[in-house]
Amino acid sequence: MEMQVLNISVAEIIDMLIMLLGVAIVIIAAFSYHKRSSIRMQAAHQKIDELSQRMAEQEKALLKQQHLYDLDKRLTSIRTQHPTPEKSWTNYRSMLQDIDTSLNGWITTLENRTQLAEREVQFCTYILVYPYLTLDEIAQYICYSEKSIRNYKQRIAHKLGVSSADLHEHLQNDILSYLYNDNINSKK
């Protein structure tokens with residue numbers, strides 16, 4: 001076998017190296033452009049995701065405001081029927097039925113799924129329907145002393161797993177969850 005010797009001049013080698021360098025530059029530029037383009041696309045997708053998330057949060061907040069408005073209308077209607085809380089236990093039971101009907105059975109559900117006694121449910125009802133009453137005024141309606149009503153509120157809050165300061169808000173959120181997440185379509 002004969003070996004062929006390549007006669008390549010230095011100029012030809014330089015030309016080939018320049019050509020290979022050009023190809024390498026084009027390849028590097030293409031990869032670089034693709035990488036920058038990919039980074040820009042990722043950033044655009046991230047912004048779209050952030051905007052979608054903010055929009056979903058705003059929709060949720062708006063929906064909650066609508067639900068709070070509806071709940072306020074329901075409670076206002078109850079206050080129109082019963083301008084003051086009932087001191088008589090018999091009258092309270094009649095009022096309780098009106099409230100339970102207006103709230104699509106929420107009170108009955110509250111009684112069934114918590115360990116609250118009837119008087120505790122009555123207290124929770126008065127907190128919701130008559131939020132302008134002080135604890136001392138509520139104590140007069142459910143025949144407790146003004147001193148013991150604060151402990152009573154704390155006991156109820158403890159049974160529900162919240163702080164006494166958050167009891168009203170917890171009950172309100174519980175109603176909203178019950179009405180709009182669980183039962184609003186089936187009970188309307």
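User: Is Lys159 buried, partly exposed or exposed?

Analyst: This is a predicted model, and the label follows from the relative accessible area, where buried means under 20% and exposed over 50%. Lys159 has a relative accessible area of 40%, so it is partly exposed.

User: Which side chain does Lys159 meet in a salt bridge?

Analyst: Side chains of opposite charge can pair when their charged atoms come close. In this model, Lys159 meets Glu120, at 2.9 Å from N to O. The pair links distant parts of the chain, 39 residues apart: Glu120 belongs to helix α4 (residues 118-129) and Lys159 to helix α6 (residues 148-160). Glu120 has 4% relative accessibility, so it counts as buried.

User: How many salt bridges does a search of the whole structure find?

Analyst: The search finds six. One of them joins Asp70 to Arg74, with the closest N and O atoms 3.0 Å apart.

User: Which of the labels, buried or partly exposed, goes with Asp70, and which with Arg74?

Analyst: Asp70 is at 23% relative accessibility and therefore counts as partly exposed. Arg74 is at 14%, so it counts as buried. The cut-off for buried is under 20%. Another salt bridge is formed by the side chains of Asp72 and Arg79, at 3.9 Å from N to O. Asp72 is partly exposed, with a relative accessible area of 40%.

User: Which residues make the nonpolar surface patch?

Analyst: A patch of this kind is read as nonpolar side chains joined within 5 Å, taken from residues with over 30% relative accessible area. Here Ile13, Met16, Leu17 and Leu20 make a patch of about 380 Å². Met16 is found in helix α1, which spans residues 10-81. The relative accessible area of Met16 is 41%, so this residue is partly exposed.

User: How should I read the largest pocket, and which residues line it?

Analyst: Start with its volume, then go to its lining. About 190 Å³ of space lies in the largest pocket. Its lining consists of Lys60, Leu63, Lys64, His67, Asn173, Leu176, Ser177, Tyr180 and Asn181.

User: Which helices supply at least two residues of that lining, and what is its make-up by class?

Analyst: Helices α1 and α7 (167-187) each supply at least two residues. The largest share, five residues, comes from α7. By class, three lining residues are nonpolar, four are polar and two are charged.

User: Where does His170 lie, and what separates its C-alpha atom from that of Leu160?

Analyst: His170 lies in helix α7. The C-alpha atoms of His170 and Leu160 are 8.6 Å apart, while the two residues are 10 residues apart along the chain. His170 is at 26% relative accessibility, so it counts as partly exposed.

User: What is the phi of Asn104, and where is this residue found?

Analyst: Most residues other than glycine have a negative phi. Asn104 is not a glycine, yet has a positive phi of about 55°. Asn104 is found in the loop between α2 (89-102) and α3 (106-113).

User: Does Asn104 count as buried or exposed?

Analyst: Asn104 counts as buried, because its relative accessibility is 15%.

Key
Residues numbered from 1 in each chain as written. Predicted model: local features only at pLDDT ≥ 70, side-chain atom pairs only at ≥ 80, totals over all residues. Heavy atoms only, no water. Patch = residues over 30% accessible without salt bridge, like charges linked within 9 Å, V, L, I, M, F, W, Y side chains within 5 Å. Areas by Shrake-Rupley, 256 points an atom, 1.4 Å probe, with all protein chains shown as cover. Salt bridge = Lys/Arg side-chain N within 4 Å of Asp/Glu carboxyl O. Helix = DSSP H or I, 4+ residues; strand = E, 2+ residues; numbered from the N terminus. Buried < 20%, exposed > 50% of the residue type's maximum accessible area, 1.4 Å probe, protein only. 1 Å grid on protein atoms, 1.4 Å probe; cavity = no way out; pocket = protein on both sides within 12 Å on 5 of 7 lines; lining within 4 Å. Points joined across faces, edges and corners; volume = space filled by probe spheres on them. Nonpolar A, V, L, I, M, F, W, Y, C, P; charged D, E, K, R; others polar.
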